[in-house]
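I opened my notebook to look up how the chains are divided and where their parts touch. My entries follow in the order I made them.

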Amino acid sequence: MSIHRHQFSRRSILAGAAAVGLTGTLAACGGSDDSGKSSGPVKLTYWSWAPNMEKVAAIWNKKNPDITVTVSKQAAGKDIVSKLITAKKAGNAPDLIQVEYQSLPTLVSNDVLADISKYAKSAKSEFAEGLWAMVTLGTDAVYAIPQDSGPLMFFYREDLFKQHNLTVPATWDDFAKTARAAKKALPNAYLTTFSSNDPGLFAGLAQQAGAKWWTVQSGGKWTVGIDDAATKKVTDFWGGLVQEGVIDNQPMYTPAWNNALNKGTNIAWVSAVWAPGVLVSSAPDTKGKWRMAPLPQWSAGESVTGSWGGSSTGVSTDTKHAEAAAKFATWLNTDPEALAALVKEVAIYPAATKGQSGSVLTTPEFFPNQTDFYDTAAKIAATTAASAWGPNVQVAYDTFSDAFGTATKAKKAAQFDTALATMQSATFTDMKKQGFKVTEA
Amino acid sequence: MTSTPLKGSDLTAGPLADGTATSVRPRRLPRRGRSAPYWFLVPAVLLFAAFTVVPIGYAVWLSLHKVQVKGIGLGKGARQQVWNGIGNYTAVFEDSEFGHSVLRAFGYGLIVIPTMLGLALVFALMLDTPQARSAKFARLAIFLPYAVPGIIAALMWGFLYLPTVSPFYYLLREFNLPQPDLFDGGNLYLSFANIAVWGGTGFNMIVIYTALRAIPQEIYEAAKIDGASDLKIALRIKIPIVLPSLVLTFFFSVIATLQVFTEPMALKPLTNGLSSSWSPLMAIYDAAFLRSDIYGASATAVVLALATFALSFTLLRISDRYTREDRA
């Protein structure tokens, strides 16, 4: 586990370090004023898994002696959800929480996250529309403030592509052609791998294709559409390439995978903006040999991407100082000084639009050959498709790993389809069992 | 409270004692001292209650409840904990995946237990022979893997199982030998079993070896005078005498088998072929901490605990009868 955990947390950190964002209002006293007016400084606890987050909080504490924020270090985003639900049950959830976007509905449904629209609505203009929609869940409420995002991109070995005359794919059709050409040119290598151990990437790819896994109908009913046409298209595409033998089937974040990246037997990686941070440790010998390009498109001329990772800062319903917490969360994710500190200390890609263009984002050390890395990234980030998360994402993700694990192992396209159907039925059944009003798409 | 003074011979008898000790009425204690034993017990009872009884009770209570969501389940009060009776339990027995995980654990046990205990017994007997050279070093070397934390052992073996980074596979490639996929189907059992055997043999060997050292040397001398070979001594004298130790190590191993968790959990990220409910404990962990279904997980945990108890007691009864007949 720890190999995976290690890699996973690094990735999540890079992707998700944005947790401090919004302060929440206490739902219970939604209309009343903040109760933290008593004497002495307001003390807030902030659960975050991002490294060095305490350094950013220190900047705030220096400037705001009346509101002290203490960071409590947590495990990665996947593990924090159960812990938060349990803490809420015990009535002692922390004031501020770092939350991955896909976990927002789960936490809202468990009444962990407070609606802070009263204090934080004005932050809306600081973020791209798609990002803001993720923290409102399409309602009038605001459940968190976006911190960082992970727009999907295509990373490839520039040197090997040149050497073997491989074209950087603009569309997924090109991608398939490049995969075949790469297999021909380098029989021991693959263009990339389809991994069943990180559902986030698959979700991002489906998102790019236009999938809407969970939606709420106007009548107050969930619709689960994980096996919708867009996701089927993505599933068939990758299943076909794996069966053909031109895309590898090994999981990511293993020693073998690191070795493949480092030795050049996986010569590309569909990943997100935080990829340089992973490559630097997974493939240390390849510095300066990689290049980033936009994600291949389903139709030529389009420019849409999905996202993988990223997190936000929410305020818990247990806090007694919702306004103060909301203030900190807003500062953390929109204030220029805070954003600069987040980039420098926590190494995140900020969600706030102005954080993506500043001079703080310098060319990644691992990509000295691509000086316009973050200019390109900002352009790609602006094309991120809206995502649609539901209240039991963890069930869908868990089922993905098992079902697609079997399918990738078998290298059978037909099993990829079965795996997707399993994901749909497991997610739907779980919601039904819990009592949600829900239908299948 | 009646205390049972133990005779010297009974001191060594554990749960398998044949109960020949006769209980003797204790002398009356002076009134003042009578409550003393209870005071000594208080810390243990409190700790036992706080960290065993209460958590188990809470798990049982949780296992009888479930969450009921109203509407789309967003907002306050949309989620309530309601009584579910035995609903979670029937779900456990209807869940074929859990049944499969139990079968997988047994399959794994069928490989691990005989191999591990067999090796432990052979090593212990070999170390116990007078001809054994550098026995101290060998004993330490065999025991050493047990000192390696399970998770580290599993990770280390995980590296060795991965074809592109493993030195073993390098050799197989160099000599053009077949390279099996150690993460595939049936091989998975062997891969896990190998880690368990590597880590557990030493411990079991020490238990058996200690029992062997307690046998008085005169018995061997008598046997030698009667013309018994070393092999005969091992088979006819040593093994029957250390049988209770073997039974003990067998129980520990059976329970450990049902609770197998570390090895599959550590190897899971390395392969596509390992489901998140491969073993019963993994299924429980998955339900509780990844799917946030604490109610179903509690029910499964209670079922597993009861099954472990039932299995232990049954085996204990059987072996009790067996060892008693043996002595008679």
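**Entry 1: chain A, domains**

I began with the domains of chain A. Chain A is divided into domain 1 (2-150 + 308-374) and domain 2 (151-306 + 387-440). Such bounds come from an automatic or database domain assignment. I noted that this is a predicted model, where local features need pLDDT of at least 70, side-chain atom pairs count only at pLDDT 80 or more, and totals for chains, interfaces and linings use all residues. Residues are numbered from 1 along each chain as its sequence is written, while chains are lettered from A and ligands numbered from 1 in the order in which they are written.

I looked up the distance next. The centres of domain 1 of chain A and domain 2 of chain A, taken over C-alpha atoms, are separated by 27 Å. I then looked up contacts (C-beta atoms, placed from the backbone, within 7 Å). Here 31 residues of domain 1 of chain A are in contact with 31 residues of domain 2 of chain A. On the domain 1 side, helix H1 (2-16), helix H4 (104-109), strand E4 and strand E9 (307-315) of chain A each supply at least two residues. Helices (H or I, at least four residues) and strands (E, at least two) are DSSP runs, numbered from the N terminus. H1(A) gives the most to this side, with eight residues. By class, the side has 17 nonpolar, 12 polar and two charged residues. I wrote down the classes: Ala, Val, Leu, Ile, Met, Phe, Trp, Tyr, Cys and Pro count as nonpolar, Asp, Glu, Lys and Arg as charged, and the others, Gly among them, as polar.

**Entry 2: strands E4 and E8 of chain A**

I followed E4(A) (residues 144-157) to E8(A). The two run antiparallel and are joined by five bridges. Two strands pair if DSSP finds at least two bridges between them. Met153(A) has Pro294(A) in E8(A) as its bridge partner. Is E8(A) mostly covered or mostly open? Four of the five residues in E8(A) (290-294) are buried. Buried means 20 or more other C-beta atoms within 10 Å of the residue's own, with C-beta atoms placed from the backbone; exposed means 12 or fewer, and partly exposed lies in between.

**Entry 3: chain B, domains**

I turned to chain B, which has 13 helices and two strands. Buried residues make up 31% of its 328 residues. Its domain assignment gives domain 1 (35-85) and domain 2 (89-327). Their C-alpha centres lie 33 Å apart. Eight residues of domain 1 of chain B are in contact with six residues of domain 2 of chain B. H1(B) gives the most to the domain 1 side, with four residues.

**Entry 4: where the chains meet**

How many residues of chain B are in contact with chain A? I found 32 residues of chain B in contact with 41 residues of chain A. Strand E1 (65-69), helix H5 (150-161), helix H11 (262-267) and helix H12 (280-290) of chain B each give two or more residues to the chain B side. That side has 16 nonpolar, 10 polar and six charged residues.

I checked H5(B) on its own. Its buried residues include Trp157(B) and Tyr161(B).

Conventions:
Two residues are in contact if their C-beta atoms, placed from the backbone, lie within 7 Å.
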